[in-house]
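Hello,

Here is the structure I promised to pass on to you. Please have a look at it first, and then read my notes below.

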Amino acid sequence: MELIKPGNVFLVTGATGAIGFEVAAQAAKAGAIVAVHGSRAEPVASAITRLNTRVAGAQLISAAADFKREGDIERMVAAVVAVTGRLDAVIHWGITGAAEVTGPLAKTNPANYASHAALVLGTVQRLSFAVLPHLSIRGGTIISFASDAGRFGAPRQSLIGASFAGVMNFVRNLALEVSRDGVRVHCISPSFVENTPTFEQHVDRAGGARGRAGLGLPSPEDIAPIVLFLCGPGATKITGQIISVNGGLNA
């Protein structure tokens, strides 16, 4: 069974990062036209070079945009559609948000609360608003990434968890709203993911998680196939799902 239809257009945000890059690579290998997003042109160009090396004949489009800048999301979506004439899937690698919002609540900075929520949740909402008119033409898929912090309680993650829980609830509600337009909406919710910069930054906690995950912690290569399946013809009757990919760390 083909995971996606060759020639479909995938917009992958955060494709300069480890998980987004792997999604872009596997989508390109399956025959998709992939719009490669990053916040700046130079990392996007570097990612495209690496993708071309990995996937012979890859069909790639540069889609640099700073999501913190007003209007950049809308400009990016319009530019991609202007080149391709269509949009079939949007995969949004979640933004962690502002600094000083992790750790014990008493040690966080309230001045960053609003900007953090606006980045994590507001970006998903703005991106969805921009792409829905295009996805509704033929039916398509939105997949947003969150974190298991939004599903399972843990110390030091009250603010992060609240924002990602908001993403999950937005996904569930939007999925019902747009299903009659043929649009499916899902959320992928990892915990610690091997071979990513975030894992290395938190290796003290991640190392312990590695020991508790009975199946072993996932890598980007474990996550990308789920994304492709959900965007493909085998998942046309599935929507509104929050899928944890955590190797058995949480259940």
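Let me begin with a pair of helices: H4 and H5 cross in a right-handed manner. (A crossing is right-handed if the near helix is turned clockwise from the far one by less than a right angle, and left-handed if anticlockwise.) Before going further, please note that this is a predicted model, in which local features need pLDDT of at least 70 and side-chain atom pairs count only at pLDDT 80 or more, while totals for chains, interfaces and linings use all residues. Residues are numbered from 1 along each chain as its sequence is written, and side-chain values use heavy atoms, with hydrogens and water left out.

Back to that pair. H4 covers residues 113-138 and H5 covers residues 158-178, and the two pack at an angle of about 20 degrees with their axes 9 Å apart. Axes here are lines fitted to C-alpha atoms, for helices over the stretch in contact, and angles run from 0 to 180 degrees between N-to-C directions. H4 and H5 are therefore roughly parallel to each other; angles under 35 degrees count as roughly parallel, over 145 as roughly antiparallel, 65 to 115 as roughly perpendicular and the rest as oblique. On the H4 side the meeting residues include Tyr113, His116, Val120 and Leu132, and on the H5 side they include Leu159, Phe164, Phe170 and Val178. Contact means heavy atoms within 4.5 Å. By class, this contact of H4 with H5 holds 13 nonpolar and 5 polar residues and no charged ones. (Ala, Val, Leu, Ile, Met, Phe, Trp, Tyr, Cys and Pro count as nonpolar, Asp, Glu, Lys and Arg as charged, and the others, Gly among them, as polar.)

H4 also packs with H3, which spans residues 72-84: their axes come within 9 Å and cross at roughly 30 degrees. That makes H3 roughly parallel to H4, and the crossing is right-handed. Ile73, Glu74, Met76, Val77 and Val81 of H3 meet Thr123, Arg126, Leu127, Ala130, Val131 and His134 of H4. This contact of H3 with H4 divides into 7 nonpolar, 2 polar and 2 charged residues.

A further pair is H1 (residues 18-29) and H8 (residues 220-231), whose axes lie 9 Å apart at an angle of about 50 degrees. That makes H1 oblique to H8. The H1 and H8 crossing is right-handed. Among the residues in this contact are Ala18, Ile19 and Val23 of H1, and Pro220, Ile223 and Leu228 of H8. The residues of the contact of H1 with H8 comprise 10 nonpolar, 1 polar and 2 charged.

Now for the protein as a whole. It has 8 helices and 7 strands; these are DSSP runs numbered from the N terminus, with helices (H or I) of at least four residues and strands (E) of at least two. With 251 residues, a compact globule would have a radius of gyration near 18 Å, and the 17 Å of the protein agrees with this. (That radius is taken over C-alpha atoms, and the globule rule is 2.2 Å times the number of residues to the power 0.38.) The C-alpha atoms fill a box of roughly 50 × 40 × 35 Å, taken along the principal axes. Of the 251 residues, 49% count as buried; buried means under 20% relative accessible area, exposed over 50%, and partly exposed in between (1.4 Å probe, protein chains only). Of the contacts with a separation of 6 or more, 73% come from residues 24 or more positions apart.

Finally, some single residues to look up:

- Leu11 lies in strand E1 (residues 9-13) and is buried, with a relative accessible area of 0%. Leaving out residues up to four places away in sequence, Leu11 touches Ala35, Ala63, Met76, Val77, Leu87, Ala89, Val90 and Ile91.
- Ala56 sits in the loop between helix H2 (41-54) and strand E3 (59-64) and is exposed, with a relative accessible area of 76%.
- Arg156 is not a glycine, yet has a positive phi of about 75 degrees. Arg156 is in the loop between strand E5 (140-145) and H5, and is partly exposed at 48% relative accessible area.
- Leu217 is in the loop between helix H7 (203-212) and H8 and counts as buried at 9% relative accessibility.

Best wishes
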